[in-house]
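Reader: I have a structure to study for class. Could we go through it together, one topic at a time?

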Amino acid sequence: MKRAIQVLLVTAGLFGAAVLAPTTAGAETVNLEQAVEQALNHDPRIEEMRQLVEVARTLVGEAEGHGGWTVDGNLFLGVAPGVKGGFFENGGCEPGNCIVRSDRYDPDGLSLWTSLKLSLIKPLYTFGKIENFADAARANVDVKRGDVHLQRAATVLEVKRAYYGYLAARDTRLLLEDVRVRIDGAVALVQEWLDAGEHDIRQADLYALQSGAALIGRYIAQAGALENVAIDGLKVLTGAGLAADLTVADKALQPVALPELNLEDLQQQALANRPEMAQVEAGLRARRALVAANKAGARPNVYAGAVGLLSYSPNRNHLDNPYISDPFNDVGLSPVVGIKWDWSEGVQSAQVTRAEAELNALIAKSAFAREGIPFQVVEQYHQVRAHNEAVISLAEASRAARRWMIASFADFEAGVDKGDKVVTALQGYVLAHTDYLRTVFDYNMHVAQLLNVTGASQ
């Protein structure tokens, strides 16, 4: 009986983290395929990953946008000192009496000052900065797409765990309820025999059966709780809502079909289909592009464009001397071709070193993935084979234990066996069948994991 508790507790971890879904009305029956499809269409975490793909795409546009026109403008309104009368004192210059004004700090009132500085610049050549940053951003989009596939695979596993777990808990509860009916019948029969003094029955036989009935009641309550947790988890994952009336189509937990188990083919399939491998390759492209972009950071940018200036103060006389610049009244526009160089040896050297170290780290991760992924396939391959054999053996054990229980009850009702032997037979049957259900659940989940690690369920 104690092992039966452990079997029931296996289903306690059925439901992975998920966001609560809106409530829907009406009864609905779903099979596993329908539940998976609904969960993939509903799961907000998948939509979150998709939106992060869109965020990554904006980085591509941002990187490529640096190759277009850049407008740098500054318009402001201010106050300037007013000036009247020209460049010389008294407004003019007579021969031998040309005195330059010196009243700069004795303004003739104030004037509104309007100024606009504008530049339009387009890079002509950046030594690969823009191209490499754009390549890195495009590779990052592929990495984020891989996250979508990974979340979809995780959702599929959660649905299968909840679905199979619900069936395991429900079948366990039904088994225990059937056993309790038999024990209750045996208790009533023993009590009748004790009252009549028949069949050489003992009080200890009654106590043994009553003890078994009490334990069965406890296990039924636990199984019912786990059953409810599993179905509620399935409701949330599929988007039906906790208040929905959702049932599953399967009448009992059955082992899934044994997949094709060619280890070498499965390993090759995993290396070809796993999103992690595509992510690693995309990450390598991104890191190589970032290394090249950071190295190009030590080189200048060649650009072309136009710069202009407009400054106006209405309460100041214009000074039109071409050799004197007047910041308060001026206008000018010129096309330009230039070189802009932002260079700091220590900073850029550190950036290149960091990018190269991150690239080397990703190369090491890629090497580990090429070894680790085949091992994951090997692990699930052996688990599937072992659990498949265990399911076949335990199915026969469960049938034999049920025949043992039925025969013990028949002998007991005929007055041949004692109550403790009936309880022993009941325990044997409960342990055998609950172990079978647990093993079927584990086998089905290992098959699901095998599909996951080979990239077949994504």
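Reader: What should I know before we start?

Author: This is a predicted model, in which local features need pLDDT of at least 70 and side-chain atom pairs count only at pLDDT 80 or more, while totals for chains, interfaces and linings use all residues. Residues are numbered from 1 along each chain as its sequence is written, and side-chain values use heavy atoms, with hydrogens and water left out.

Reader: Which strands form the open sheet, and in what order?

Author: The order is β2-β3-β5-β6, four strands with antiparallel pairing. Strands (E, at least two residues) and helices (H or I, at least four) are DSSP runs, numbered from the N terminus. Two strands pair if DSSP finds at least two bridges between them.

Reader: Which strands stand at the edges?

Author: Those are β2 (70-81) and β6; each has a single partner strand, so one side of each lacks a neighbour in the sheet. From one strand to the next, the twist averages 15°, with axes taken as lines fitted to C-alpha atoms and angles running from 0 to 180 degrees between N-to-C directions.

Reader: How many bridges join β3 to β5?

Author: Eleven bridges join these antiparallel strands. One example is Thr114, whose bridge partner in β5 is Tyr312. β5 and β6 are also antiparallel and pair over eleven bridges. There, Tyr303 has Gly338 in β6 as its bridge partner, and Leu309 has Gly332.

Reader: Changing topic: how many aromatic pairs are there?

Author: The count is four. Rings of Phe, Tyr and Trp (its six-membered ring) pair if their centres lie within 6.5 Å; planes under 30 degrees apart count as stacked, over 60 as edge-to-face and the rest as tilted. Trp113 and Phe328 form an edge-to-face pair, at 4.7 Å centre to centre with 65° between the planes.

Reader: Where do Trp113 and Phe328 sit in the chain?

Author: Trp113 is in strand β3 (residues 110-125) and Phe328 is in the loop between β5 and β6, so the pair links parts of the chain that are 215 residues apart. Trp113 is buried, with a relative accessible area of 18%, and Phe328 is buried with a value of 18%. Buried means under 20% relative accessible area, exposed over 50% and partly exposed in between (1.4 Å probe, protein chains only). Phe76, Trp113 and Phe328 form one aromatic cluster.

Reader: And Ser313: buried or exposed?

Author: Ser313 counts as buried because its relative accessibility is 0%. Ser313 lies in the loop between β5 (301-312) and β6 (330-340). Leaving aside neighbours within four places in sequence, Ser313 is in contact (heavy atoms within 4.5 Å) with Ala80, Ser111, Leu112, Trp113, Phe328 and Asn329.

Reader: How many residues has the largest nonpolar core?

Author: That core has 51 residues, and those with the most contacts inside it include Val159, Tyr163 and Leu234. A nonpolar core is a set of buried Ala, Val, Leu, Ile, Met, Phe, Trp, Tyr and Cys residues joined through side-chain atoms within 4.5 Å.

Reader: Which element gives the most to this core?

Author: α4 does, with twelve residues. Apart from this core lies another, of 26 residues, among them Ile183 and Val430.

Reader: What does Val159 touch, then?

Author: Beyond neighbours within four places in sequence, the contacts of Val159 include Leu32, Val36 and Leu234.
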